[in-house]
Amino acid sequence: MIKINYLSLLIAVLCFNSCKQVPPPKVFGPAPSERQMKWHEMEYYAFVHFSMNTFTDIEWGYGDKDPALFNPTNLDTRQWVKIFKEAGMKGVIITAKHHDGFCLWPSKYTEYSVKNSPWKDGKGDLLKELSEACKEAGLKFGVYLSPWDRNHPDYGKPEYITYFRNQLKELLTNYGDIFEVWFDGANGGSGYYGGANENRNVDRKIYYDWENTYKIVRELQPDAMLFSDAGPDTRWCGNEEGWVGETNWNLLRRDEVWPGYPHYKELRYGHKDGTHWVPAEVDVSIRPGWFYHKSEDHKVKTVPHLLDIYYNSVGRGGSLLLNFPVDQRGLIHEIDEKQVRGLASVLSEDFKVELVKNKNVEASSTRGNSSIYAASNVNDGNLETYWTTDDSITTASLTIDLEEPMAINRFLIQEYIQLGQRVEAFTVEGFINGKWSELASQSTIGYKRILRLPTVTVSKLRLIIKKSKACPVISNIEVYKAPKVVVAPIIKRDKEGVVTISSPDKELEVYYTTDGSEPTEKSSTYDEPFEFDKKSVIRSIVVDKQSGKSSPIASESFDVSKKLWNILNIKDENVLRVLDGETSTSWVLTGENMPLDLIVDLGESHRIKGFKYLPDQNRWSSGIIFNYEFYTSNNGKDWSLQSKGEFSNIKNSPIWQTKLFDITNAQYIKLRAINNTDNNNKAGYAELEIITE
């Protein structure tokens with residue numbers, strides 16, 4: 001008689017059922033190609049704008065400048081690459097030719113290139129130097145080639161397309177592997193055009209015959225991504241501010257879009273019903289402009305600003321292309337370097353300790369009850385494994401047991417996008433003091449989604465997929481507790497004398513003094529804006545009590561309140577931007593001829609010993625006053641000249657200008673703009689203040 005071991009049989013049956021081959025989900029909708037997956041994994045890389053415009057101090061060259069102007073004194077592409085690599089970037093894209101047509105390589109198809117510049121006696125090849133530096137450092141190399149050429153005589157004619165493609169072939173065959181080819185959407189307009197000096201417009205849809213141009217790239221660099229408004233591999237994000245939409249589909253109705261697409265705002269979000277996989281690339285400059293301008297040395301984006309950009313690009317499933325305007329020396333400027341290294345340091349701390357790897361995870365449903373698709377796949381550290389459900393189930397949940405209460409504030413999640421982008425809506429909940437509380441509710445996930453949460457202590461986390469196009473497929477979940485960003489706060493006072501003190505991290509304690517003394521944790525706590533219209537120095541710090549870190553001290557000197565001030569003889573209500581205490585707002589006075597006067601009634605008499613003027617701080621600043629006269633009056637009719645001269649170097653350094661004079665009593669002031677840095681009939685103001693005794 002055969003004895004049956006029922007326990008062994010039961011185990012065998014259970015094992016068979018658990019391990020039986022359950023087919024994976026089929027690809028749903030468009031999915032990324034192999035080259036697109038490699039690009040997604042890069043996440044963050046550098047853009048470099050450096051060309052003739054660097055030496056002419058303009059953004060869009062006309063195409064008529066002498067190549068002799070291009071002469072960097074200390075160009076070092078290895079300095080660039082070292083900074084990029086140490087900042088965590090995976091590659092660099094260089095503007096090989098911008099709209100002015102000047103080429104950074106010795107193209108044999110034009111004389112308008114480095115071969116006719118004094119740099120390296122015309123024997124230099126910047127693309128060769130940079131591509132070799134990238135290869136040495138293990139970074140990927142990409143090229144920007146402007147379709148528009150304001151220098152070439154044939155632009156707008158069929159012959160130009162042959163020229164354009166010949167140059168493209170040079171770039172794709174002489175500099176090793178290319179990971180991305182970047183085509184700008186700016187096409188057609190006024191230009192030098194070989195001396196014609198005229199306006200030439202093209203039909204952006206058909207002029208370039210993009211289909212056949214793309215074939216050249218596919219043939220010579222099959223692994224290269226193609227960028228334009230429409231892709232075909234990666235699309236513009238629809239702005240140059242450093243963000244892609246919170247809802248971000250990697251899909252696009254690609255055949256409806258072309259370079260120069262007028263409905264570009266759609267590109268911020270993609271198309272839910274898109275026909276092709278065309279993910280977003282977020283291009284933004286570390287300065288207001290794309291090319292270097294000394295006047296923007298004080299406008300380099302801060303670490304908190306760059307951090308917002310990172311979370312609003314990479315953190316929303318896009319890739320971040322951060323631009324560096326190389327200066328006239330041929331180097332990344334020290335200020336830019338400091339800020340991008342600061343960003344790298346913060347990101348390193350944000351993602352230093354992962355809190356849920358290999359913690360117990362339970363799913364409301366698992367595909368075929370198979371271990372192949374188990375919930376534990378989401379935190380096993382392997383991006384090639386994933387959790388998913390049966391095809392019929394499109395709403396489900398995952399619960400992660402942290403085993404003990406933990407403070408968290410970052411939640412990272414990824415879909416297995418090789419099977420398509422699926423999730424339309426999800427919620428993250430935390431188990432706090434014995435009950436579930438919603439921490440965040442969002443829409444798309446895609447390649448990667450990183451949520452910045454309020455710092456909260458939880459013992460469990462729950463992901464709820466509320467809506468999905470098809471069964472959800474989640475490959476990765478990570479959780480972190482990022483430290484606070486402890487930087488000096490920003491102090492402002494408006495026209496009414498109301499003071500605001502802001503910190504980039506809302507969870508920090510803010511302390512301040514109003515008598516100029518050093519602030520400490522024993523000073524006044526800032527909770528909300530307060531009125532303080534006296535002349536004083538306000539100083540402030542932020543403190544992270546948990547770590548014990550304190551920020552540097554912020555300090556702002558305020559003179560008399562502007563509450564009673566009134567600008568005379570101007571009906572435009574926007575003129576009050578001159579007095580609002582906000583340096584980012586501005587107003588421009590335009591007249592038929594210079595000089596132009598701005599007259600202010602101070603509302604009462606003051607003992608005045610000087611004034612301060614801040615020019616328009618916008619990227620396209622207008623009417624920066626150069627030569628000036630400053631008058632005072634007690635009745636608004638009889639004026640006394642107190643100061644005259646120039647705001648020296650204001651074009652290159654448009655910061656606060658301070659002028660002092662002998663003390664005088666006055667109720668009225670007049671700032672007269674004699675001329676400006678652009679030699680037109682405008683006077684632009686961000687702020688105007690007086691200095692009293």
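Helix H6 packs its buried residues against strand S2 (91–97), helix H5 (126–137), strand S3 (140–145), strand S4 (180–182) and helix H7 (210–220). Here, buried means under 20% relative accessible area, exposed means over 50%, and partly exposed is in between (1.4 Å probe, protein chains only). Keep in mind that this is a predicted model, where local features need pLDDT of at least 70, side-chain atom pairs count only at pLDDT 80 or more, and totals for chains, interfaces and linings use all residues. Residues are numbered from 1 along each chain as its sequence is written, and side-chain values use heavy atoms, with hydrogens and water left out.

**Confidence**
- pLDDT is the predictor's confidence in each residue, from 0 to 100; the chain averages 95, and 97% of its residues reach 70 or more.
- Residues 9–19 stay under 50, and the model gives them 3 contacts beyond four places in sequence (a contact means heavy atoms within 4.5 Å).
- Where pLDDT is low, the predicted coordinates should not be read in detail.

**Two helices**
- Helices (H or I, at least four residues) and strands (E, at least two) are DSSP runs, numbered from the N terminus.
- H6 covers residues 158–173, and its 16 residues should span 22 Å at 1.5 Å a residue; the end C-alpha atoms sit 24 Å apart, which agrees. That expected span is 1.5 Å times one less than the number of residues.
- Among the buried residues of H6 are Tyr160, Tyr163, Phe164 and Leu168.
- H8 (residues 303–311) has 7 of its 9 residues buried, so the rest of the structure largely encloses this helix.
- The cover over the buried residues of H8 includes strand S11 (280–285), strand S12 (319–325) and helix H9 (334–350).

**Salt bridges**
- A salt bridge needs a side-chain nitrogen of Lys or Arg within 4 Å of a carboxyl oxygen of Asp or Glu, and the count comes to 40.
- Glutamate 507 and lysine 484 make one of these, at 3.2 Å from N to O. The two are 23 residues apart, and each sits in a loop between strands.
- Glutamate 507 is partly exposed at 36% relative accessibility, whereas lysine 484 is buried at 13%.
- Aspartate 597 and arginine 672 make another, at 2.7 Å from N to O. Aspartate 597 is in strand S30 (residues 596–614) and arginine 672 in strand S33 (residues 657–673), so this bridge ties together parts that are 75 residues apart in sequence.
- Lys82, Glu86, Glu337 and Arg341 join up in a salt-bridge network.

**Aromatic rings**
- Rings of Phe, Tyr and Trp (its six-membered ring) pair if their centres lie within 6.5 Å; planes under 30 degrees apart count as stacked, over 60 as edge-to-face and the rest as tilted.
- You'll find 48 aromatic pairs here. One of them is tyrosine 207 with tyrosine 208, an edge-to-face pair with 5.0 Å between centres and 70° between planes.
- Tyrosine 208 is buried at 1% relative accessibility.
- Tyrosine 628 and phenylalanine 647 are stacked, because their ring centres are 4.5 Å apart and their planes meet at 15°.
- Ring pairs also build a cluster, including Tyr160, Tyr163 and Phe164 along with Tyr207, Tyr208 and Trp210.

**Charges over rings**
- A charge sits over a ring if NZ of Lys or CZ of Arg is within 6 Å of the ring centre and within 35 degrees of the ring normal.
- Lysine 205 has its charged end over the ring of tryptophan 258, 4.1 Å from the centre.
- Lysine 612 has its charged end over the ring of tryptophan 656, 4.8 Å from the centre.
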